[in-house]
Amino acid sequence: MSKSKKPQVMKPATAAQKLDVYLPATPREFQDGLVSRDELDELQRNPPQWLADLRRDGPHPRSVVAARLRVSNSGLARGGITEALTTEQIAALVADPPEWLVRERESFAEVRREQRRLAEERSAR
């Protein structure tokens, strides 16, 4: 007789990262419990209201902030952004970009262009 498999579980921080949400902004019951793969899949398929609100309004984790501003995580740090930002705060930065944001966007775009060039060069060989 085979043993029944235990469901694979993850820490709340890992689940929050996979859901692209800022863990301290999630409900206490999410932060205090373990999340199974099945629960994570269900959250992604049918997000509850708290998850939909977090994804829409924030606060957002650094990776999401960086992607929305089109800079790297390091660029955020160089710009002095160390905390999570809301959608409204991100929109304000985009509407009136400070000097550091303009500079980091140019740098990030140049890095991406170089990565594409190298990838094309490798695929041509």
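Is D20 buried, exposed or partly exposed? D20 is partly exposed, because its relative accessible area is 42%. The cut-offs are these: buried is under 20% relative accessible area, exposed is over 50%, and partly exposed is in between, with a 1.4 Å probe and protein chains only.

Before we go on, some ground rules. This is a predicted model, where local features need pLDDT of at least 70, side-chain atom pairs count only at pLDDT 80 or more, and totals for chains, interfaces and linings use all residues. Residues are numbered from 1 along each chain as its sequence is written, and side-chain values use heavy atoms, with hydrogens and water left out.

Now the overall picture. The protein chain has eight helices and two strands. Helices here are DSSP runs of H or I with at least four residues, strands are runs of E with at least two, and both are numbered from the N terminus. In sequence order the pattern reads β-α-α-β-α-α-α-α-α-α. The protein chain is more spread out than a compact globule, because its radius of gyration is 19 Å, well over the 14 Å that the globule rule gives for 125 residues. That radius is taken over C-alpha atoms, and the rule is 2.2 Å times the number of residues to the power 0.38. Along the principal axes, the C-alpha trace spans about 60 × 45 × 25 Å. Of the 125 residues, 28% count as buried.

Next, helix α5. This helix covers residues 62-69. Its buried residues are V64, V65, A66 and L69. They pack against α6 (73-78), α7 (87-95) and α8 (99-124). Contact means heavy atoms within 4.5 Å.

What follows α5? R70 does, with a positive phi near 60 degrees. R70 sits in the loop between α5 and α6. Back to D20, in the loop between α1 (12-19) and α2. Phi of D20 is also positive, near 60 degrees, and D20 is not a glycine. For background, most residues other than glycine have a negative phi, and most peptide bonds are trans.

The one from G58 to P59 is cis, with omega near 10 degrees. P59 is placed in the loop between α4 and α5.

On to aromatics. How many aromatic pairs does a search of the whole structure find? One. The pair is tilted, because the rings of F30 and W50 have centres 5.4 Å apart and planes at 55 degrees. To pair, rings of Phe, Tyr and Trp (its six-membered ring) need centres within 6.5 Å; planes under 30 degrees apart are stacked, over 60 edge-to-face, and the rest tilted. The pair links distant parts of the chain: F30 is in helix α2 (residues 28-32) and W50 in helix α4 (residues 49-57), 20 residues apart. F30 counts as buried, at 7% relative accessibility. W50 counts as partly exposed, at 25%.

S36 lies in strand β2 (residues 35-36). S36 is buried, with a relative accessible area of 11%. Leaving out residues up to four places away in sequence, S36 touches Q8 and V9. S74 is in helix α6. S74 is partly exposed, at 42% relative accessible area. The C-alpha atoms of S74 and R116 are separated by 20 Å, and these residues are 42 apart along the chain.
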